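Here is a short note to read alongside the model. Please keep the structure open and look up each place as it comes up.

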Amino acid sequence: MCGIIGATGPIPVAKILIEGLERLEYRGYDSAGVALVVEGGIWRTRAAVSTVSMKSLADAVVNAPKVLDAGVGHTRWATHGAPNERNAHPHSDCTGKVAIVHNGIIENHAILSSRLIEDGHNLASDTDSEVIAHLVEENLRDGSSLTQAVLNTLKVIEGTYAIAAVRSDEPGTVVAARNVSPLIVGVSEGASYVASDIPAILGRAEKYFSVADGQVVTLKGENLQVDVVGEAPGELMPLEVSWDLDMAQKGGYESFMLKEIDEEPRAIADTLRMRGIEAIEMFDELNLDPAVLRQIDKIFLVACGTSFHAAMVAKYAFEHWCKIPVELDIASEFRYRDPVVDGKTLVIGVSQSGETIDTLQALREARRLGSHAIAVANVVDSSMTREADGVLYTRAGPEIGVAATKTFVAQVAILEAFALSLAELRNTLYKSETELLMNELLTIPLKVERAIARASEYRSVAKEIGDSKDFFFLGRHVGYPTALEGALKLKEISYLHAEGFAAGELKHGPIALIDSSSVVIGVATRGRLWSKVLSNLEEVRARGARVVVVANEDDTQTAHFGDYVFKVPSTHELFAPLIDIIPLQFLAYDLALQHGNDVDRPRNLAKTVTVE
Ligand code: F6R
């Protein structure tokens with residue numbers, strides 16, 4: 001939800017900002033802009049990205065005057081104010097000597113902007129963020145430094161923010177601050193950087209630090225000064241970054257989404273670390289005593305979107321292997337429904353970004369109510385990982401494509417590995433059983449690779465059915481979350497009507513929608529409800545729908561139940577979603593391309609949603 005970047009030092013600031021913004025586009029792409037400190041003032045260029053591409057921003061920057069070693073940039077996902085150039089960041093003050101970029105929401109912006117207008121300020125946008133520039137302007141009037149002016153500004157703004165500011169009278173300086181919205185700092189010889197996320201500055205910085213809530217960091221070349229508001233720590237926390245630059249770049253692929261689908265085998269392998277069955281103690285950051293885990297009598301899984309579907313798969317696994325009742329909640333609903341949790345409840349928030357506000361708030365609520373709360377997250381040091389009691393990291397590498405792909409399989413893999421370890425700890429499975437299952441789980445990367453090798457088959461089926469406007473995804477048991485995830489992928493990048501259903505539920509209403517123009521995709525790999533799924537597919541075929549079956553490659557019977565087949569390797573039924581999702585991701589990808597859509601930047605979406 002918006003990405004910010006700042007750079008300082010004798011470096012090609014403008015180029016670094018533009019490249020960083022390109023890598024931050026997954027956080028929003030309604031508009032983008034940069035502000036550079038130049039001789040005599042601040043030079044700004046902004047563009048509504050739907051009309052003017054990032055490339056034209058780059059072209060504009062070429063004509064900027066000589067940059068005095070500092071600048072900031074922003075890519076926006078609109079919340080307050082339409083996604084046009086006027087509302088694009090960086091915002092400036094009345095003097096034009098200050099520029100700020102902001103990610104977050106200034107909750108008291110209405111009161112602040114009325115007051116500022118009364119005092120003669122000229123507010124040029126409809127955003128909540130612009131007030132920050134004018135407040136900094138006021139706080140500079142007594143001769144304060146930019147750092148002091150930002151510190152004073154933070155005393156009056158309420159809400160969430162990651163801010164970076166520059167001032168023409170202080171060349172070579174960027175001041176940044178954080179409250180809730182993510183912010184990291186990187187340093188290399190002679191230069192330093194600040195950004196919403198690591199990919200923006202990968203390959204540039206040698207050391208990384210995370211900025212804590214309440215810290216204000218002044219960056220000047222390689223020097224960092226930390227000031228604090230309230231109780232914040234006085235030191236930056238070093239961040240260990242194992243991602244490399246290739247991971248944050250397309251590397252010859254036509255899109256990040258395609259690259260990330262290709263990376264799924266490695267994402268699963270890295271997440272499982274291929275170490276075989278792990279005792280609970282081996283989950284590095286879990287931070288929960290085995291004695292506590294033995295006592296847990298209920299699990300809540302809370303998440304949004306794709307992560308919710310991964311959590312849904314995990315519910316089947318925890319209940320089957322661990323015999324613990326599991327409740328599954330859409331995170332935005334959890335804290336508004338009086339969930340019954342206590343000290344014997346484990347609440348697991350599942351999130352790629354670790355920043356989704358709905359899931360973060362659910363975890364906070366869980367802790368407030370006295371339960372144990374852990375986060376499954378892909379981004380190291382994200383808000384959830386800091387606020388939860390412990391973390392299960394997926395190690396999928398940065399996911400830039402807005403549609404989640406490799407992180408879905410990584411989430412399923414880590415949750416299932418955890419469920420197996422928990423089952424062993426609680427003696428609900430024999431060690432020999434968990435070992436067998438874990439060994440099967442460890443074969444999944446190779447099987448996913450085999451499925452990906454069939455991409456051209458999947459994509460040719462997509463061509464056959466690309467004329468349809470209505471897609472129904474059916475599955476039962478863990479095939480149900482697979483169906484939901486297949487439908488979500490299709491709708492978010494192809495903008496076609498797609499719905500996922502528990503196949504047995506169709507006859508209770510939705511079957512009325514089926515006619516000869518419908519395409520039905522049935523997840524029919526072998527599992528306990530395989531034959532029932534086939535009956536459900538017969539029901540839709542009888543009503544004229546064209547049917548595609550996802551079937552095991554060694555299964556000679558199932559293909560006959562469909563007009564087309566997506567063949568996939570077979571595995572234990574609880575691991576099947578890790579493989580069965582692959583053709584559905586390719587289907588969504590291909591239909592999006594057929595409709596001329598930008599798969600990495602689907603309309604209206606941002607990868608990280610930090611507003612309720
Ligand atoms: C779908 C997608 C979203 C996210 C959801 C949660 O492709 O990316 O549905 O899954 O916004 O995001 P995280 O996992 O970051 O909490």
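**Notes on the predicted model**

1. The centres of domain 2 and domain 3 lie 26 Å apart, taken over C-alpha atoms. The contact takes 26 residues from domain 2 and 24 residues from domain 3. Please bear in mind that this is a predicted model.

2. For orientation, the protein is divided into domain 1 (3–241), domain 2 (256–442) and domain 3 (455–594).

3. How much area do domain 2 and domain 3 bury between them? The value is about 2200 Å², and 76% of it is on carbon and sulfur atoms. The size of an interface is often given as the accessible area lost when the parts come together. As for salt bridges, the count between domain 2 and domain 3 is 0.

4. Next, look at strand 15, which covers residues 298–303. Is this strand mostly covered or mostly uncovered? It is mostly covered, with 5 of its 6 residues buried.

5. Strand 15 has pairing partners. With strand 17 (residues 345–351) it pairs in the parallel sense over 6 bridges, and Phe300 stands opposite Val347 of strand 17. With strand 16 (residues 326–330) the pairing is also parallel, over 5 bridges; here Val302 stands opposite Asp329 of strand 16. To get from strand 15 to strand 16, the chain passes through helix 9 (residues 305–322), and this β-α-β crossover is right-handed.

6. Some backbone angles deserve a check. Most residues other than glycine have a negative phi, and most peptide bonds are trans.

7. Lys323 lies in the loop between helix 9 and strand 16. Its phi is near 55°, a positive value in a residue other than glycine. Is Lys323 buried or exposed? Lys323 counts as exposed because its relative accessibility is 54%, and the cut-off for exposed is over 50%.

8. Asn287 is found in the loop between helix 7 (264–272) and helix 8 (290–295). Although Asn287 is not a glycine, it has a positive phi of about 65°. With 62% relative accessibility, Asn287 counts as exposed.

9. Which residues are joined by a cis peptide bond? They are His89 and Pro90, with omega about -10°. Pro90 sits in the loop between strand 4 (67–76) and strand 5 (91–92).

Conventions: Residues are numbered from 1 along each chain as its sequence is written. This is a predicted model: local features need pLDDT of at least 70, side-chain atom pairs count only at pLDDT 80 or more; totals for chains, interfaces and linings use all residues. Side-chain values use heavy atoms; hydrogens and water are left out. Buried means under 20% relative accessible area, exposed over 50%, partly exposed in between (1.4 Å probe, protein chains only). Helices (H or I, at least four residues) and strands (E, at least two) are DSSP runs, numbered from the N terminus. Two strands pair if DSSP finds at least two bridges between them. A crossover is right-handed if, with the strands pointing away from the viewer, the path from the first strand over the helix to the second runs clockwise. Domain bounds come from an automatic or database domain assignment. Contact means heavy atoms within 4.5 Å. Buried area is the accessible area (1.4 Å probe) that two parts lose on being put together, summed over both. A salt bridge is a side-chain nitrogen of Lys or Arg within 4 Å of a carboxyl oxygen of Asp or Glu.
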